[in-house]
Amino acid sequence: MGWIVSHIAIALSVLFAGTAAAHLAGPRALREAYARYPRGFRKVTGLLLAVAAALLALPRMRLLGFAVAALVLFLSATTLLSHRQYGYAAPIIALLFAL
């Protein structure tokens with residue numbers, strides 16, 4: 001059972017790291033999606049995703065990594081829902097429940 005959790009945590013770490021890299025690199029489509037939010041919001045989100053990815057990758061910090069990941073997902077979902085972007089919020093909510 002321990003190896004299953006470890007593999008899931010590593011997969012989530014890779015997913016969060018890739019998403020963090022995309023947020024920090026800021027391709028045009030992502031910059032346009034964040035245009036309605038305060039300046040720097042995309043970068044803060046990217047940094048929080050990177051922290052979650054790093055913590056998930058470290059076995060001793062994994063529980064904290066799951067907590068940070070859940071917090072980032074929750075805040076992302078509530079932000080999207082408050083801006084009536086339901087289509088973008090749905091997969092985030094699904095991932096949050098999967099945690």
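## Helices H3 and H4

Let us start with a helix pair: H3 (residues 41-57) and H4 (residues 62-82) pack at an angle of about 155 degrees, their axes lying 7 Å apart. This is a predicted model, in which local features need pLDDT of at least 70 and side-chain atom pairs count only at pLDDT 80 or more, while totals for chains, interfaces and linings use all residues. Residues are numbered from 1 along each chain as its sequence is written, and side-chain values use heavy atoms, with hydrogens and water left out. Helices are DSSP runs (H or I, at least four residues) numbered from the N terminus. Axes are lines fitted to C-alpha atoms over the stretch in contact, and angles run from 0 to 180 degrees between N-to-C directions.

H3 and H4 are therefore roughly antiparallel to each other, the term for angles over 145 degrees. The crossing of H3 past H4 is left-handed (the near helix is turned anticlockwise from the far one by less than a right angle). On the H3 side, Phe41, Leu48, Leu49, Val51, Ala52, Leu55, Leu56 and Ala57 meet Arg62, Leu64, Gly65, Phe66, Val68, Ala69, Val72 and Thr79 of H4; contact here means heavy atoms within 4.5 Å. Sorted by class, this contact holds 13 nonpolar, two polar and one charged residues. Ala, Val, Leu, Ile, Met, Phe, Trp, Tyr, Cys and Pro count as nonpolar, Asp, Glu, Lys and Arg as charged, and the others, Gly among them, as polar.

Residues of H1 including Phe16, Ala20, His23 and Leu24 take part in the contact with H3, where the partners include Thr45, Leu49, Ala53 and Leu56. By class, the H1 contact with H3 has 15 nonpolar, five polar and two charged residues.

Turning to H4, the axes of H1 and H4 come within 12 Å and cross at roughly 45 degrees. Ser6, Ala9, Ile10, Leu12 and Phe16 of H1 meet Arg62, Phe66, Ala69 and Leu73 of H4, a contact with seven nonpolar, one polar and one charged residues.

## The largest pocket

The largest pocket has a volume of about 630 Å³. A pocket is an open set of points on a 1 Å grid over the protein atoms alone where a 1.4 Å probe fits, with protein on both sides within 12 Å along at least five of seven lines; lining residues have an atom within 4 Å of a point. Grid points are joined across faces, edges and corners, and a volume is the space filled by probe spheres set on the points.

Its lining has 25 residues, and His23, Tyr34, Thr45, Ser76 and Ile92 lie nearest the centre. Helices H1 (2-25), H2 (28-33), H3, H4 and H5 (86-98) each give two or more residues to this lining, with the largest share, six residues, coming from H4. The lining of the largest pocket has 18 nonpolar, seven polar and no charged residues.

## The second largest pocket

The second largest pocket holds about 150 Å³ of space. Its lining is made by Arg31, Tyr34, Ala35, Tyr37, Pro38, Arg39, Gly40, Phe41, Arg42 and Lys43. H3 gives the most to this lining, with three residues. By class, the lining of the second largest pocket divides into five nonpolar, one polar and four charged residues.

Methods: Parallel < 35°, antiparallel > 145°, perpendicular 65-115°, else oblique.
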